[in-house]
Amino acid sequence: MKKAFPVPVRVKYSCAKCPAYCCSYPEIEATPRDIERLALQFGLDYRQAEERFTKYDAAEKVRLLRHRKDRIFDSVCVLLDQETRRCTAYESRPAVCREYPDSVHCGYYDFLKFERAHRDDPEFIALT
């Protein structure tokens, strides 16, 4: 039996004007393979990368990317450049980031759509 190829998601958004909303998600999982990629990019061994970039969530039994305070959101992924609002480890970013979003548009799009409708402002962009 032939396996069907997954249908690629055709996105209807651009990240160019986004203030890195996805990087503010509190739980960004990092697998051992993700940690290996980060270690290689930053010239660290596995344990150093694990310590620097992740923390262990005992309740979920997974490693999550660390966060730090941010001027736009409460906190963001430690890998985010807060000036450019871009990932400093884009080429070695975790799998969950590579796969995001797995739908036609991202959560920030939904947020903007809601805010614009309720503010009656088609140009509204939340940056503060």
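A salt bridge is a side-chain nitrogen of Lys or Arg within 4 Å of a carboxyl oxygen of Asp or Glu. In this structure, the side chains of Asp-70 and Arg-85 form such a salt bridge, at 2.8 Å from N to O. The pair links distant parts of the chain, with Asp-70 in the loop between β3 and β4 (75–77) and Arg-85 in the loop between β5 (80–81) and β6 (86–87), 15 residues apart. Asp-70 counts as buried because its relative accessibility is 11%, and Arg-85 is buried with a relative accessible area of 7%. Here buried means under 20% relative accessible area, exposed means over 50%, and partly exposed lies in between (1.4 Å probe, protein chains only).

The model is predicted, so local features need pLDDT of at least 70 and side-chain atom pairs count only at pLDDT 80 or more, whereas totals for chains, interfaces and linings use all residues. Residues are numbered from 1 along each chain as its sequence is written, and side-chain values use heavy atoms, with hydrogens and water left out.

The overall plan of the chain comes next. Its secondary structure comes to four helices and six strands, where helices (H or I, at least four residues) and strands (E, at least two) are DSSP runs numbered from the N terminus. Along the sequence these elements follow the pattern α-α-β-β-β-β-β-β-α-α. Of the 128 residues in the chain, 32% are buried. A contact means heavy atoms within 4.5 Å. Among contacts between residues at least 6 apart in sequence, 50% join residues at least 24 apart.

The salt bridges may now be considered together. Side chains of opposite charge can pair when their charged atoms come close. The structure holds six salt bridges, and one of them joins the side chains of Arg-33 and Glu-36 at 3.5 Å, N to O. Both residues lie in helix α1 (residues 32–42), three residues apart, about one turn of the helix. Arg-33 counts as partly exposed because its relative accessibility is 46%, and Glu-36, at 41%, is also partly exposed. Another salt bridge joins the side chains of Glu-51 and Arg-66 at 3.7 Å, N to O. Because Glu-51 lies in helix α2 (residues 46–53) and Arg-66 in the loop between β2 (62–65) and β3 (67–69), this pair ties together parts that are 15 residues apart in sequence. Glu-51 is exposed at 55% relative accessibility, whereas Arg-66 is partly exposed at 29%.

Strands β1 and β2 pair in the antiparallel sense over four bridges; two strands pair if DSSP finds at least two bridges between them. Across this pairing, Tyr-56 stands opposite Arg-63 in β2. The hairpin of β1 and β2 has four residues between the strands, and in it Lys-61 takes a positive phi near 60 degrees. Thr-54 belongs to strand β1 (residues 54–57) and counts as buried because its relative accessibility is 1%. Residues in contact with Thr-54, beyond those up to four places away in sequence, include Ala-30, Ile-35, Ala-49 and Leu-65.

In soluble globular proteins, nonpolar side chains tend to be buried together. A nonpolar core is a set of buried Ala, Val, Leu, Ile, Met, Phe, Trp, Tyr and Cys residues joined through side-chain atoms within 4.5 Å. The largest such core here has 18 residues, and those with the most contacts inside it are Leu-38, Ala-49, Phe-53, Leu-65, Cys-77 and Leu-79. The elements that give two or more residues to this core are α1, α2 and β4, and α1 gives the most, with three residues. Leaving aside neighbours within four places in sequence, Cys-77 is in contact with residues including Cys-23, Ile-28 and Leu-65.
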